[in-house]
Amino acid sequence: MASGYILNRGALTLGIHCQRVCRNITVTQVREKKRWMRAYTFLMAKKLKLEGPPPPKPRSLHPNWDYHAEVQAFSTRLQENFSLQLLKAAFVNPCYLQAEQERRKALGVDSELTALVLEDNIQLSAKGADFTQSFLTDWCRASFPSLPSEGVQSIVGHLTSSAVVTNVARNLGIEDLTMSAAFPVPDDVLHSTFMAVIGALQESSGAERTGFFLRDFLVSQLIGKDLFDMWTVVNPMGLLMEELSKRKIVLPEPRLIRSAGASTVLPLYFVGLYSDKKLLAQGPGETLLAAEEEAARVALRKLYGFSENHRPFDFSPQQQHEQPLIQSVSSN
């Protein structure tokens with residue numbers, strides 16, 4: 001009885017002692033943000049607003065950069081068999097060599113002892129541009145046999161323009177590997193570098209693989225494009241009459257099909273073109289003349305096979321209709 005009383009009193013004394021100890025412990029909430037962080041963040045934001053963003057740096061100035069490994073990875077990523085020597089030469093632009101020579105001269109380095117053992121890409125760029133021009137011309141003529149030479153030249157000019165080529169080159173990662181005097185790489189330098197890559201691929205893998213490369217990356221830029229966004233036709237009605245005369249078809253006659261809001265600020269007219277009592281095409285417009293021109297453009301798209309619902313381009317690995325074209329280009 002006495003032992004049980006002593007045990008209970010000891011437990012009660014221990015509990016009271018624990019309560020007194022717990023009352024002396026204070027818990028502080030930590031938000032993991034220092035007091036100086038707000039002032040520092042405000043100062044950095046104000047500095048960014050005054051000075052603007054820092055100038056961009058090329059990828060080669062960042063850490064963990066191996067140029068040889070990046071060039072090999074570029075060839076593997078595109079699944080093309082490039083000659084590494086030709087591919088490295090394709091990325092070297094004359095402006096880079098000139099800037100490097102001037103930099104070494106300013107540092108007082110002897111040019112004879114430490115000469116640059118690099119070759120520029122002028123010849124590769126010229127060869128790639130010639131092959132690209134000839135291949136795209138042959139492809140357009142084979143895909144759109146009814147399209148006149150002016151339309152073919154306009155499509156080829158659009159595909160080889162600086163805007164299209166530089167967009168493809170940047171998405172392929174060519175800009176990071178380009179050796180240029182300025183960064184970001186100018187559009188003309190990037191355009192010539194892409195053409196040099198085409199020339200290097202032609203010398204490494206032949207004309208057939210280069211043709212497939214151009215088809216996959218340049219010809220695919222025609223998807224979703226309208227013919228007359230690339231080819232400017234001043235008088236579509238006159239061109240339509242000329243094309244119908246060549247095909248010995250009765251000249252079209254424009255007729256007003258329907259209209260809406262003729263007495264409002266935004267009228268809408270639909271004009272149809274009839275030939276031998278058959279509807280060739282119809283088009284909308286805010287005026288009768290604009291609707292007639294749009295109907296003529298719709299009829300021309302149908303004649304040339306470049307309508308909105310035309311057959312999709314064939315991007316299969318092998319195309320039978322491209323084989324004679326590639327052979328003719330390689331023979332030239």
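Here are some questions and answers about this predicted model.

Q: Which residues does I155 contact, leaving aside its neighbours within four places in sequence?
A: I155 is among the residues with the most contacts inside the largest nonpolar core. Once neighbours within four places are left aside, its partners are C140, L147, L222, L227, M230 and F306.

Q: Is Q202 buried or exposed, and what is its relative accessible area?
A: Q202 has its place in helix α10. Not counting residues up to four places away in sequence, Q202 touches K127, F131 and T210. Buried means under 20% relative accessible area. Q202 is therefore buried, with a value of 18%.

Q: How far apart in space are Q202 and F82, C-alpha to C-alpha?
A: Along the sequence, Q202 and F82 are 120 residues apart. In space, their C-alpha to C-alpha distance is 8.9 Å.

Q: Against which helices do the buried residues of α8 pack?
A: Helix α8 covers residues 162-171, and its buried residues are V164, V165, T166, V168 and A169. Just after α8, G173 takes a positive phi of about 85°. The buried residues of α8 pack against α7 (149-159), α9, α10 and α11 (207-217).

Q: How many bridges join β2 and β3?
A: The two strands form a hairpin with 2 residues between them. Within the pair, F270 stands opposite P284 in β3. The pairing is antiparallel, and the number of bridges is 7.

Q: What is the phi of D276?
A: Most residues other than glycine have a negative phi. D276 lies in the loop between β2 (268-275) and β3 (278-285), and its phi is positive. D276 is also exposed, with a relative accessible area of 56%. The phi of D276 is near 55°.

Q: Is K277 buried or exposed, and what is its relative accessible area?
A: K277 is found in the loop between β2 and β3. Although K277 is not a glycine, its phi is positive, at about 65°. Exposed means over 50% relative accessible area. K277 is therefore exposed, at 79%.

Q: Which residues are the closest to the centre of the largest pocket?
A: The largest pocket has a volume of about 320 Å³. It is lined by 17 residues. Of these, the closest to its centre are P58, S60, Y96, T178 and S180.

Q: How many residues in the lining of the largest pocket are nonpolar?
A: The element that gives the most to this lining is α9, with 3 residues. By class, the lining has 3 polar and 3 charged residues. The nonpolar residues number 11.

Conventions: Residues are numbered from 1 along each chain as its sequence is written. This is a predicted model: local features need pLDDT of at least 70, side-chain atom pairs count only at pLDDT 80 or more; totals for chains, interfaces and linings use all residues. Side-chain values use heavy atoms; hydrogens and water are left out. A nonpolar core is a set of buried Ala, Val, Leu, Ile, Met, Phe, Trp, Tyr and Cys residues joined through side-chain atoms within 4.5 Å. Buried means under 20% relative accessible area, exposed over 50%, partly exposed in between (1.4 Å probe, protein chains only). Contact means heavy atoms within 4.5 Å. Helices (H or I, at least four residues) and strands (E, at least two) are DSSP runs, numbered from the N terminus. On a 1 Å grid over the protein atoms alone, a cavity is a set of points where a 1.4 Å probe fits but cannot get out, and a pocket is an open set with protein on both sides within 12 Å along at least five of seven lines; lining residues have an atom within 4 Å of a point. Grid points are joined across faces, edges and corners, and a volume is the space filled by probe spheres set on the points. Ala, Val, Leu, Ile, Met, Phe, Trp, Tyr, Cys and Pro count as nonpolar, Asp, Glu, Lys and Arg as charged, and the others, Gly among them, as polar. Two strands pair if DSSP finds at least two bridges between them.
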